[in-house]
Amino acid sequence: MYHSVGTSGSFFSVTPSEFTNQMEFLRRNYDIVSLEDVLSFVSGTVEFSRRSVAITFDDGYYDNFVNVYPYAKKYELPIAIFVASGYIGKEMSLGNVSLKMLSWKEIAEMSKDTVTIGAHTSSHPDLRRLDLNRAQNEIEMSKVEIERATGRPVNFFAYPKGAYNNALFNLLKSSGFSSAFQVGEGLVRKGDNPYELKRVSIDSSVNYRVFVAKLTTASEWYAELEKACGKLISFLSSLSGIVKYNGQ
Ligand SMILES: [Zn+2]
């Protein structure tokens, strides 16, 4: 799970050169699969013969069009971008900076290639804090607007800030979503609940070695360890320069 790829200086911006290094590593060592493939794997209808990874981007930053899309197009990588539809053509604050968002034109162009556009609500709220009617509006509005702009069905969802509860599973299902992604660190396994699929967050604090480790079960050990002794870890992290992911 990426957010921005650029030189904004935000904690959530990975520089283009680091992003390229990470993609080269994935292309050498993994099969890069689509979200449809992930879902087929989770439901048990498809087996992967090699280690496989799906690449997602949250929010819909304009820099995805400039710094990610050309690479994805060149190597035919099936990436996915989860777009907060109410922010299209506007700006969104990402940590300490404000970043330009994608336009509908760019979204439509990318969706004609190997880019899957997923929904990420309209106004990017914490869905747990809304009553179910408002949550449903947020979820369905983003789906309808993206479908109108791209002419393609939108089946995948990502929870803003990774915030979700069990009541949202049925809401997403009845709104026509086949799956939803959270930000909990970890790998996707056969039989997982398709409405709480884990991801591995990649931000500016992730160096090459950490990137490689995060793609293994090490990401889950780290998440467990962090839960068990959160305070100690954040203290140690501040010493070692590793900054804890704080959700976007
Ligand atoms: Zn987001």
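**Salt bridges, a zinc site, aromatic pairs and a pocket**

A search of the whole structure turns up 9 salt bridges, a salt bridge being a side-chain nitrogen of Lys or Arg within 4 Å of a carboxyl oxygen of Asp or Glu. The structure is a predicted model, so local features need pLDDT of at least 70 and side-chain atom pairs count only at pLDDT 80 or more, while totals for chains, interfaces and linings use all residues. Residues are numbered from 1 along each chain as its sequence is written, and side-chain values use heavy atoms, with hydrogens and water left out.

One of these salt bridges joins K190 to E47, with the closest N and O atoms 2.6 Å apart. This pair ties together distant parts of the chain: K190 sits in the loop between β11 (179-185) and β12, E47 in the loop between α2 and β4, and 143 residues separate them. (Helices, H or I with at least four residues, and strands, E with at least two, are DSSP runs numbered from the N terminus.) As for accessibility, K190 is partly exposed at a relative accessible area of 46%, and E47 is exposed at 56%; here buried means under 20% relative accessible area, exposed over 50%, and partly exposed in between, using a 1.4 Å probe and protein chains only.

Another salt bridge stays within a helix. K143 pairs with E147, their closest N and O atoms being 3.0 Å apart, and both belong to helix α6 (residues 132-150), 4 residues apart, or about one turn of the helix. K143 counts as buried, with 11% relative accessibility, whereas E147 counts as partly exposed, with 25%.

D126 and R128 also meet through their side chains, at 2.8 Å from N to O. D126 is buried at 11% relative accessibility, while R128 is partly exposed at 46%.

The zinc ion has D59 (OD), H120 (NE2) and H124 (NE2) as its protein donors, 2.0 to 2.2 Å away. Donors are N, O and S atoms within 2.8 Å of the metal (3.2 Å for Na, K and Ca), and sites may look incomplete because water is not among the atoms. Along the sequence, the donor residues follow the spacing D-x60-H-x3-H. Distant parts of the chain come together here too: D59 is in strand β5 (residues 56-59) and H124 is in the loop between β9 (116-119) and α6, 65 residues apart. Both D59 and H124 are buried.

Aromatic rings give 18 pairs. The rule is that rings of Phe, Tyr and Trp (its six-membered ring) pair if their centres lie within 6.5 Å; planes under 30 degrees apart count as stacked, over 60 as edge-to-face and the rest as tilted. F11 and F12 make an edge-to-face pair, 5.1 Å centre to centre with 80° between the planes, and F12 is buried at 4% relative accessible area. Elsewhere, F157, Y159, Y164, F169, F177 and Y195 gather into one aromatic cluster.

Finally, α1 (16-29), α2 (35-43), β4 (52-53) and β12 (197-199) each supply at least two residues of the lining of the second largest pocket.
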